[in-house]
Amino acid sequence: MGLFSRKRNEPAPPLDTTPDSDLTFFTRPQAEQFRATVRRVLAEDGYEVTVHPDHVETDDGLEWGLWNVAAVAHNESDPTPEGWAEVIRRHFRALLAADRLSADTLSDEQYRSQLYLRLVEESSLHSLGRESFGHALSWADGVVSLPVVDLPDMVITPAEDRLRERGPMAALLDQAHRNTRALVTTEPLQIERIEHEGHWFWCVLGESMFTASLALVLPDVVERVEPGADLRDGVVFAVPFRHQLAFRVVDGATAAMDALTLMPRFAVLGFSDSPGPLSPHTYLWHDGAVSQLTHRGEDGVLNVVVGPHLGSILSQEQGGDTP
């Protein structure tokens, strides 16, 4: 009998069910096993990496985040290291193929026709393994928009210097915006009305990597769902992850209250438990400008701050001042 064998009647040690601090849908033991599987799979493909809690790093400084691939692996029907291995292998082979892809394989015309704008969580830029993102445009706190090239099997994010080889940046951004706007009418989108205790908002879902990025052309999305909607008082919306966009047109205090009651929790849950997380926050679009309606307090909890515009709408409906 080994030195550390349990006595016959000694109970097994309790399982550690504490969520991992970085890959939160795994327990801590599962997350460590997942990271070990990532290291093994990449080594089998000839890549030696340093595995950090939320990303891996190569000797030459390239970094790839682990959240997205871990989220996909977590949702697989075979939640074991061998089941994860195939998910990990597909994910990183696609990333490595994208890094090897030369922009020279596309003509200028093809390049421009496949250029789109994509919303990206600013903190995730390092995981793309690039250094030059001076062309990233701030869209909201913690979120930027970037031009990307959409290929049949992957989306690549060119560095600024590679983009400038194709023409003036302003012209490329304009083309990317027009291409993105066209997706509103060409992409198959699933539109659901989310209701709870008398409150509701619209949820737009799609398999496209650009579904949430359609928030960049939010009035066009609203027109598809609610033709003729009055946008004078704005739209409350959220972009929890890349395949989801939620919104409610503010056509009175009831609409504002519905959105502010339901959407913040909806956004947090979608952000924390889905591949391609984008933002846990809820926003207001008004006259073309985007402002953030939720803010994280010292206790880490998101609080709603309606701001003067929505505050005045709620106050008028109630016949008095809002607190």
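Mentor: Here is a walk through some of the salt bridges. This is a predicted model, where local features need pLDDT of at least 70, side-chain atom pairs count only at pLDDT 80 or more, and totals for chains, interfaces and linings use all residues. Residues are numbered from 1 along each chain as its sequence is written, and side-chain values use heavy atoms, with hydrogens and water left out.

A salt bridge means a side-chain nitrogen of Lys or Arg within 4 Å of a carboxyl oxygen of Asp or Glu, and the structure holds twelve of them. Take R166 and D108: their closest N and O atoms are 2.5 Å apart. R166 sits in the loop between α5 (160-164) and α6 (169-186), while D108 belongs to helix α4 (residues 108-113), so this pair ties together parts 58 residues apart in sequence. Helices here are DSSP runs of H or I with at least four residues, numbered from the N terminus. R166 is buried, at 13% relative accessible area, but D108 is partly exposed at 40%. (Buried is under 20%, exposed over 50%, partly exposed in between, using a 1.4 Å probe and protein chains only.)

Now look inside helix α6: R178 and D174 are four residues apart there, about one helical turn. Their closest N and O atoms are 3.0 Å apart. R178 is partly exposed at 46%, and D174 is partly exposed too, at 41%.

Next, E195 pairs with R193 at 3.1 Å, N to O. E195 is exposed at 55%, whereas R193 is partly exposed at 40%. Finally, D20, E32 and R35 are joined in a salt-bridge network.

Conventions. Helices (H or I, at least four residues) and strands (E, at least two) are DSSP runs, numbered from the N terminus.
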